[in-house]
Amino acid sequence: MARTGNKNVQAKLVLLGDMGAGKTSLVLRFVKGQFYEFQESTIGAAFFTQVLSLNEGTIKFDIWDTAGQERYHSLAPMYYRGAAAAVVVYDITSMDSFVRGKKWVRELQRQGNPNLITVLVANKADLEAKRQVENEVGEQYAKDNRLMFLETSAKTAQNVNELFYEIGKRLAKASPNKPGGMKLQRRRSQEGQRGFCCSS
């Protein structure tokens, strides 16, 4: 069986969502395996990297964790521009954060990158007793907007690795040694070295 695992993909991933939805907690759980009950709010944005080894190849994520406060909203395009994947996070215990998540989805759709892998993440699944946003509501919205959907808990680690592995698999599948699909590179010119991908 031919292995495709020699692909190396470098991909920019951005997390968007309301303040307190758990974006930083998800990233810290994925990158460092850590969870803090009281996580300070991100100011502006925080940057992390993580490498995933999959059967499909090696994915190096450059992760931008954006601040959820309204006053930082105008900075967001700087982080999601050129991203290969966007994770829109809401808190299942807050209908407001779900409404805000939908606004982020609309903003990403407006900026018009048809190849962007967008995931809607319902975080804090461990707080079932305080749930305001039913699973079916999030799932239906994701389906209607052709988004991937997962419920996660940064606290218990539920679906956190799955989230990034699933994105990684899609990025590897879409990477350039396959015609069509997502263009992670811009190979119009002869030098062909620009773009954020990929040694073949």
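Colleague: Which residues are linked with D18 in a network of salt bridges?

Modeller: The model is a predicted one, and in it D18 is linked with E70 and R100 in such a network.

Colleague: What makes the contact of R100 and D18 a salt bridge?

Modeller: The N to O distance between their side chains is 3.6 Å. The cut-off is within 4 Å, for a nitrogen of Lys or Arg and a carboxyl oxygen of Asp or Glu, so the pair qualifies.

Colleague: Why is this pair said to tie together parts that are apart in sequence?

Modeller: R100 belongs to helix α3 (residues 95–111), whereas D18 is in the loop between β1 (8–17) and α1; the pair therefore ties together parts that are 82 residues apart in sequence.

Colleague: How do you know whether R100 and D18 are buried or exposed?

Modeller: Buried means under 20% relative accessible area. R100 has 11%, so R100 is buried. D18 has 17%, so D18 counts as buried too.

Colleague: Why is K124 called partly exposed, while D91 is called buried?

Modeller: K124 has a relative accessibility of 22%, which lies between the limits of 20% and 50%, so K124 is partly exposed. D91 has 7%, which is under 20%, and is therefore buried. These two residues form a salt bridge, with their closest N and O atoms 3.3 Å apart.

Colleague: Let us turn to the aromatic rings. How many aromatic pairs does a search of the whole structure find?

Modeller: The search finds seven. One of them joins F30 and F61, whose ring centres are 6.3 Å apart.

Colleague: Why is the pair of F30 and F61 called edge-to-face?

Modeller: The centres lie within 6.5 Å, so the rings pair; the planes stand at 75 degrees, which is over 60, so the pair is edge-to-face. F30 lies in helix α1 (residues 23–32) and F61 in strand β3 (residues 57–66).

How values were computed
Residues are numbered from 1 along each chain as its sequence is written. This is a predicted model: local features need pLDDT of at least 70, side-chain atom pairs count only at pLDDT 80 or more; totals for chains, interfaces and linings use all residues. Side-chain values use heavy atoms; hydrogens and water are left out. Rings of Phe, Tyr and Trp (its six-membered ring) pair if their centres lie within 6.5 Å; planes under 30 degrees apart count as stacked, over 60 as edge-to-face and the rest as tilted. Helices (H or I, at least four residues) and strands (E, at least two) are DSSP runs, numbered from the N terminus. Buried means under 20% relative accessible area, exposed over 50%, partly exposed in between (1.4 Å probe, protein chains only).
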